[in-house]
Each structure stands twice: as structure tokens, then as C-alpha cells.
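Please keep the sequence and the model at hand while reading.

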Amino acid sequence: MSTIARAIAVIVALLLAIAAAAFLFFRSPLSSDVLYRTANAIGLDATPPERHVVPHDFQGWAVVHFAVEGAPPLREEDGALIIEYPSTGRLDTSTPPPEAEGFLQRGYYRDTANGLVPLSRATEIWGEFTHLAYREDGNVAGGRSAGFFVGEMNEFRATHWPVEHRRPVGAGQ
């Protein structure tokens, strides 16, 4: 094998290793906290991460609707927005949607008797989405809805996307 071919092989191997490490990091539940804390440490104005917490035995679609008039606000803890879903998996909040939308801002957890247990984006979280919230007349309401499926891949594939992400703001839980 020539020197050039070896060099190319080493470069390709390094790029694959970096890509694999980045994939695993961004799929971990701690990536949003690490990115937020790093950005703040170097002086960047970062949007707090979102911690989505489902009940211990929850399976199915979890959907949150932001900026719903009259709904209770979300709480913050350690610089993170805490989104605790009821057993129905549907939550309305008066809290405005975070400025930065994106899945890297989200961490997913199951609330157990032993505390919060991270859920794996590689094996337990599917179908993450963010949509604008709409009024009954079809116009954008200024809020947004976000959701995800908790369960096994075959269960996710057997379900339909939730209609709640397109329902009118304030239509109830």
C-alpha cells in the first residue's frame, strides 16, 4: 500500500471515529446540559435546555403546548426548563416557547422512585417534533407544540402521529 493510500485510510478512519463520537454525544441525554453550560461559560447567551420528564410507567406520545393562556407555567431548575408530563402525556403551559428550538436542547427522563432516569434517544425516544401552534381559524398562534414518542421502535412504527400538535391553542388537555 502506498504512503498516500495509508494517509487517506488514516484520515478516513479518524473522520469516522469523530462522526461516531459526535453521534453518540448528541444522542445522549446529557448533551443539552453540556452544550448549555459550555456556551454560558464562554460568554454566549444560550437558551436553557429542556428536561422532558415522563411518569415511571409512561409509554406513547408526550406532547407539550407552549403559550396557552390560563395554563400553569413551567418551573426551572439548575438553569433548565422542567417539562413534567401527566399520565396522559399531554401538557398545556402558559410558559412561552424557548427561543432556540431544536432537539439538542432537549433531555428526556423517566421519573422513578429512585429519581430521574435518562431515556435513550437511540432505543426509547422516537419521532421528536416541533410545530407551530395554530388557532381555530388556522392562523399561527405564536406558541409552539413539541413532542416525542416513548417506547420501542416497533410500537412507534405502529402508531399514528398525534393530532394534538395541530390542535388549536387553549383547546384543553
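Predicted model: local features only at pLDDT ≥ 70, side-chain atom pairs only at ≥ 80, totals over all residues.

Five strands build an open sheet: 5 strands in the order β3-β4-β1-β6-β7, with mixed pairing. Its edges are formed by β3 (75-77) and β7 (115-118), each of which pairs on one side only. On average, neighbouring strands in this sheet are turned by 40° against each other, with direction ignored.

## Strands β1 and β4

Within the order given above, β1 stands between β4 and β6. Strand β1 covers residues 50-54 and strand β4 covers residues 80-84; the two pair in the parallel sense over 4 bridges. For Val53, the bridge partner in β4 is Glu84.

## Arg90

Arg90 belongs to strand β5, which covers residues 90-92. Is this arginine, Arg90, buried or exposed? Its relative accessibility is 17%, and because the limit for buried is under 20%, Arg90 counts as buried.

The Arg90 side chain also has a polar contact with the backbone: it reaches the backbone oxygen of Trp61 at 2.5 Å.

## Ala67

Where does Ala67 lie? Ala67 is found in the loop between β2 (60-65) and β3. The phi angle of Ala67 is near 60°, which is a positive value in a residue other than glycine.

With a relative accessible area of 31%, Ala67 falls between the limits of 20% and 50%, so Ala67 is partly exposed.

Note on methods. Residues numbered from 1 in each chain as written. Heavy atoms only, no water. Buried < 20%, exposed > 50% of the residue type's maximum accessible area, 1.4 Å probe, protein only. Polar contact = N/O pair within 3.5 Å; in protein donor to acceptor, adjacent residues only side chain to side chain. Pairing = 2+ DSSP bridges. Axes fitted to C-alpha atoms, helices over the stretch in contact; angles between N-to-C directions.
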